[in-house]
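Hello,

Here is the structure I promised to pass on. Please open it first, then read my notes below.

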Amino acid sequence: MRVLLISANTEQFNMPAMPLGLACVAEAAKRAGHEVLILDLMFQADVGSTLKEAISKAQPECIGISVRNIDDQCSESPQFLIEKVKQVVTVCRTLSTSPIVLGGAGYSMFPESALAYLDADYGVAGEGETAFNDLLTHLHNNEDPSGIPGLYIKGKGSKESKILCKNLDKFSLPETSILSASASQSHEPWIPVQTRRGCALRCSYCSTSTIEGAILRKRSPEMISAWLESWVNAGYANFFFVDNTFNLPPAYAKALCRQILERKLRMNWRCIIYPDRVDNELVDLMVAAGCRQISLGFESGSEQMLKNLNKQFTLDDVRVVSEIFAEEGIEQMGFLLLGGPGETRRSVEESLAFTDTLKLDALRVTAGIRIYPDTALADTSINQGIISPQTNLLYPHFYLSPDLEGWLSKRLREWKASRPHVIM
């Protein structure tokens, strides 16, 4: 079948995000024999004209649209970003009668409500490499697709829960040609790299397990390093490991670094570090392999709040990890997430004081926590009457400890005034 895959995301919170997930689906569809055109709307000034040109060129028999961001997670004045995706769907409807299929991380958190809001025909929750191809086969053969795991049908929901592949090496990584058009649009492209999917840590507010499952599944370091080599050979040098916890498990992270070193890849990269189980050997390997920046998501400087957020580390762990990376000259971006259940003015002050003791180059502070379905935070919010079991969480709802309303935002503005490295 002729397939048009569209990355609808145009937001650039920290850096322009390249559509890696969509590219993986495109690779799988190509290998299944389909004719695929991928369109990234990130830098398109005139979305309508761009879509018209792409649909005219591809003459698609199926249109897939990736949904990355639902909103900007800002509690004071949230932007409902999925409205822009709705505009893309509407334009596609006017230009083509082909079925429209949704997917992506944002969609997977709200499969039924997002499908209804965006008025698409189908949606694939979770991994799309298998389910999307199964749908294409059913559409081509005019068969009923309702039994496909993870597939949602407009007005009918889903009959089968999504299935997550245990062996990620089964899915080929996308050829550089699939993402090179997106990379060429950025002044300084950072190629996204995902080495594993799933997370068993169960932080109280996090949606990762909803999207990717609670079991960690890894690609082989050999496969990842070979893919990186293809990008380096194509002239790219900057990479961003988008895994939520690059250093877990440590043995895997070390094996990956050794593979990069064995291939002698000249590359710079950044990653996300969980502040636990970091030793000097791992840091030395990361530095030698080209790591130049880490994101350190410690979220709080209060021991009690770490427990409330279900973090599996202590403040001492954070201090040690930050110091190790600082000694190696690695840039550090820290993250504070304030206002969760049990947060008080005292615990906020503890967090602010704690961050001043770390060797951070930048710090992003978030006040109020976005409530996502199927999380402990959602359960707490229901129990406390902040939301009801029927609340449609597609629309932004936030948890902010009642003790902090009217005080927290003012206190943070005061605190930030003398700290230019703080981002809010």
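In which strand does Glu299 lie? Glu299 lies in strand E12 (residues 291-299). Helices (H or I, at least four residues) and strands (E, at least two) are DSSP runs, numbered from the N terminus.

Before the rest, the ground rules. This is a predicted model: local features need pLDDT of at least 70, side-chain atom pairs count only at pLDDT 80 or more, and totals for chains, interfaces and linings use all residues. Residues are numbered from 1 along each chain as its sequence is written, and side-chain values use heavy atoms, with hydrogens and water left out.

**Glu299**

Glu299 is buried yet has no salt bridge. Buried means under 20% relative accessible area (1.4 Å probe, protein chains only). A salt bridge needs a side-chain nitrogen of Lys or Arg within 4 Å of a carboxyl oxygen of Asp or Glu. The nearest side chain of opposite charge is Lys311, 4.1 Å away. The Glu299 side chain does make a polar contact with the side chain of Tyr205, at 3.4 Å. A polar contact is a pair of N or O atoms within 3.5 Å; within protein, one must be able to donate a hydrogen and the other to accept it, and residues adjacent in sequence count only if both atoms are side-chain atoms.

**Gln332**

Gln332 sits in strand E13 (residues 331-338). Gln332 is buried, with a relative accessible area of 1%. Its side chain reaches the backbone oxygen of Ser322 at 2.9 Å. The C-alpha atoms of Gln332 and Asp361 are 5.3 Å apart, although 29 residues separate the two along the chain.

**The six-stranded sheet**

This open sheet has the order E2-E1-E3-E4-E5-E6, with mixed pairing. Two strands pair if DSSP finds at least two bridges between them. The edge strands are E2 (35-40) and E6 (151-153), each pairing on one side only.

E3 and E4 run parallel, joined by four bridges. Gly64 has Val101 as its bridge partner in E4. E4 (residues 100-103) also pairs with E5 (residues 122-124), in the parallel sense over two bridges. There, Leu102 stands opposite Gly123 in E5. Helix H5 (residues 111-118) packs on the sheet and touches E4, E5 and E6. Touching means heavy atoms within 4.5 Å.

Both faces of E4 are covered. Ile100 and Leu102 on one side, and Val101 and Gly103 on the other, are all buried. In a regular strand the side chains alternate between the two faces of the sheet.

Best wishes

Key
Axes fitted to C-alpha atoms, helices over the stretch in contact; angles between N-to-C directions. Buried < 20%, exposed > 50% of the residue type's maximum accessible area, 1.4 Å probe, protein only. Lys, Arg positive; Asp, Glu negative; His and termini not counted.
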